Amino acid sequence: MNFEIGIFSLGEVVPDPVTGARPDSRQRLRDLIEQAEAAERAGLTVMGVGENHGTDVVAASPVVLLSAIAGRTHLLRLTTAVSVLTAGDPVRLYEQIAMLDNISGGRAELIVGRGASRAVRQALGLAQDDHDTVFEEKLRQLLRVRETDPVTLAGPLPQHGVDLDLRPRPLQPCLPIWLGTTGTPASVARAAALGLPLALLRTHGPFAGAVPVVAAFRRALEESGRDVRTPVSLSVPGFVARTPAQARELSHPCFAAGARSHGPVRPDDPRWSREEYDRECGPAGTLVVGDVDEVVTKIVAQQRAIGHERLLLRMDAGGLPHHLALESITLLGAEVAPRVRAVLG
């Protein structure tokens with residue numbers, strides 16, 4: 001099978017768990033571009049950049065950062081991971097991603113999701129109960145723009161439909177648009193009904209929990225008359241080092257600090273204790289953390305259980321130091337990926 005392995009980042013600027021120092025945002029952007037270059041050199045196939053808004057991230061506009069990465073790479077698929085569609089305009093997002101597709105030579109993709117924070121929803125005047133409705137409307141508009149040329153849009157402002165001849169169109173005949181979700185039944189059903197690839201995000205818990213989600217997606221595809229081979233992508237935190245002990249010692253403080261930066265976490269919360277972290281890194285857990293042998297075994301086990309076609313690892317969760325992220329990316333591409341493909345192929 002053609003199993004893709006790549007990386008993604010939210011561009012976190014989390015204070016150092018030891019010194020408390022906050023990374024420089026401009027340097028963090030340069031780091032992400034360098035990590036993408038390292039991923040391509042190592043033979044990885046995808047780079048994703050997430051969208052978030054706040055003081056602890058730099059990736060407020062993934063397409064801008066991906067455009068910079070496009071100018072420094074030649075082969076990587078470049079995807080948002082995710083674009084918060086609820087917080088944006090689908091027509092403008094399509095125009096931006098079409099430009100990225102042209103700049104990159106046909107390497108652009110979109111993963112769209114609902115995940116706007118409470119603060120962003122409040123700034124947009126969105127109530128909690130209409131959040132899903134707004135996402136549904138914007139997603140369908142985005143798909144109409146992709147599938148129609150010129151596109152006719154009718155909205156609350158114009159009295160009549162407006163024809164828009166959007167240029168440039170993407171280089172790819174059908175720009176890939178994935179639906180991102182943590183696995184909620186409504187999102188899985190929506191992706192299947194629209195025939196969209198499913199981008200599944202998991203951060204903790206037994207990875208077996210993803211198995212019924214993907215099975216439900218395949219069933220819903222069949223019931224909707226869609227292609228049951230529509231791809232699934234799995235996104236999880238990951239880190240590779242030379243020894244299992246080194247992988248856990250280096251990554252745990254950063255991963256735990258990153259989790260705390262995104263919301264209140266009790267000091268005694270077992271999800272972020274070292275004991276629980278070690279279990280998450282074990283054979284049944286979601287995290288893909290360990291030495292090369294462990295990570296190969298974990299990726300193969302996850303793929304055989306879940307059946308996904310793409311894996312994206314968040315290699316710098318919690319603002320992991322840049323030099324460690326580079327070393328981990330190199331190990332993932334040069335040593336892990338070839339062995340995984342040999343087993344699965």
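# Exercises on a predicted model

The buried residues of helix α10 are covered by elements that include α7 (210-223), β10 (232-240), α9 (274-281), β11 (288-290), β12 and α11. Contact here means heavy atoms within 4.5 Å. Buried means under 20% relative accessible area, exposed over 50%, and partly exposed in between (1.4 Å probe, protein chains only). Helices (H or I, at least four residues) and strands (E, at least two) are DSSP runs, numbered from the N terminus.

This is a predicted model, in which local features need pLDDT of at least 70, side-chain atom pairs count only at pLDDT 80 or more, and totals for chains, interfaces and linings use all residues. Residues are numbered from 1 along each chain as its sequence is written, and side-chain values use heavy atoms, with hydrogens and water left out.

## Exercise 1. Helix α10

Task: compare the end-to-end reach of α10 with its expected span, and list its buried residues.

Solution. 
1. The expected span of a helix is 1.5 Å times one less than its number of residues.
2. Helix α10 (residues 292-306) has 15 residues, and its first and last C-alpha atoms are 21 Å apart, close to the 21 Å expected.
3. Val292, Val295, Val296, Lys298, Ile299, Val300, Gln302, Gln303 and Ile306 are its buried residues.
4. Glycine 307 follows α10 and has a positive phi, near 85 degrees.

## Exercise 2. Helix α3

Task: examine the span of α3, its start and the residue just after it.

Solution. 
1. The 15 residues of α3 (residues 90-104) should span 21 Å at 1.5 Å a residue, which agrees with the 21 Å between its end C-alpha atoms.
2. At the start of α3, a side-chain oxygen of aspartate 89 comes to within 2.9 Å of the backbone nitrogen of valine 91.
3. Buried positions in α3 include Pro90, Val91, Leu93 and Tyr94.
4. Just after α3, glycine 105 adopts a positive phi of about 80 degrees.
5. Most residues other than glycine have a negative phi, and most peptide bonds are trans.

## Exercise 3. A cis peptide bond

Task: which residues does a cis peptide bond join, and where is valine 82 placed?

Solution. 
1. The cis bond joins alanine 81 and valine 82, with omega about 10 degrees.
2. Valine 82 lies in the loop between β3 (77-80) and β4 (83-84).

## Exercise 4. Nonpolar cores

Task: which residues of the largest nonpolar core touch the most other members?

Solution. 
1. A nonpolar core is a set of buried Ala, Val, Leu, Ile, Met, Phe, Trp, Tyr and Cys residues joined through side-chain atoms within 4.5 Å.
2. Of the 75 residues in the largest core, Ile69, Val112, Leu139, Leu332, Val336 and Val340 touch the most other members. Helix α11 (residues 322-344) gives the largest share, eight residues.
3. Leaving aside residues up to four places away in sequence, valine 340 touches Phe3, Ile5, Val296, Ile299 and Val300.
4. A second, separate core of 13 residues includes Phe239, Cys254, Tyr277 and Leu324.

## Exercise 5. Aspartate 316

Task: is aspartate 316 buried or exposed, and what does its side chain contact?

Solution. 
1. Aspartate 316 is in the loop between β12 and α11.
2. Its relative accessible area is 2%, so aspartate 316 is buried.
3. A polar contact (a pair of N or O atoms within 3.5 Å; within protein, one must be able to donate a hydrogen and the other to accept it, and residues adjacent in sequence count only if both atoms are side-chain atoms) of 2.6 Å joins the side chains of aspartate 316 and arginine 28.
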